[in-house]
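Some terms in structure descriptions rest on cut-offs.

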Amino acid sequence: MIAVVDTSVWVSALINPKGFPARIIAHLQRGDFVSATSSYILDELRAVLHRPRIRTKYGLISEEIALHVRKIESHSVLVSLGTPLKLCRDPWDD
């Protein structure tokens, strides 16, 4: 099974390791599914996790963020996107 996981779920999986989104990481690592992702999603994930407000509130360090992104990336199919679509009011949701 291949699934696209929203950035907010990946963020939640890191900041709350006992929450439901963290279970997705466990399933991903067990090979229960493969994540389809893109460089845009990974870049957004890095940017959100490096926000000072997020890092301070959850005590995240750069190495922890990098490891989280590598876990996701190593169990994902990287999808190459063509010209970005402009379908939503919020450009990040495109």
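The questions and answers below concern a predicted model.

Q: Why is His68 called buried?
A: The relative accessible area of His68 is 4%. Buried means under 20%, so His68 counts as buried. His68 is found in helix α5, which covers residues 62-74.

Q: Which residues does His68 touch, not counting residues up to four places away in sequence?
A: They are Trp10, Ala13, Leu14, Ile25, Leu45 and Leu49. Touching here means heavy atoms within 4.5 Å.

Q: How do you know that the radius of gyration of the protein agrees with a compact globule?
A: For 94 residues, a compact globule would have a value near 12 Å. The protein has 13 Å, which agrees. Its C-alpha atoms fill a box of roughly 35 × 30 × 20 Å along the principal axes.

Q: What share of the 94 residues counts as buried?
A: The share is 30%. The accessible surface comes to about 6,500 Å², with 58% of that belonging to carbon and sulfur atoms.

Q: In what order do the elements of the protein run?
A: From the N terminus on, the order is β-α-α-β-α-α-α-β, made of 5 helices and 3 strands.

How values were computed:
Residues are numbered from 1 along each chain as its sequence is written. This is a predicted model: local features need pLDDT of at least 70, side-chain atom pairs count only at pLDDT 80 or more; totals for chains, interfaces and linings use all residues. Side-chain values use heavy atoms; hydrogens and water are left out. Helices (H or I, at least four residues) and strands (E, at least two) are DSSP runs, numbered from the N terminus. Buried means under 20% relative accessible area, exposed over 50%, partly exposed in between (1.4 Å probe, protein chains only). The radius of gyration is taken over C-alpha atoms; the globule rule is 2.2 Å times the number of residues to the power 0.38. Accessible areas come from the Shrake-Rupley method with a 1.4 Å probe; for residues, only the protein chains shown count as cover.
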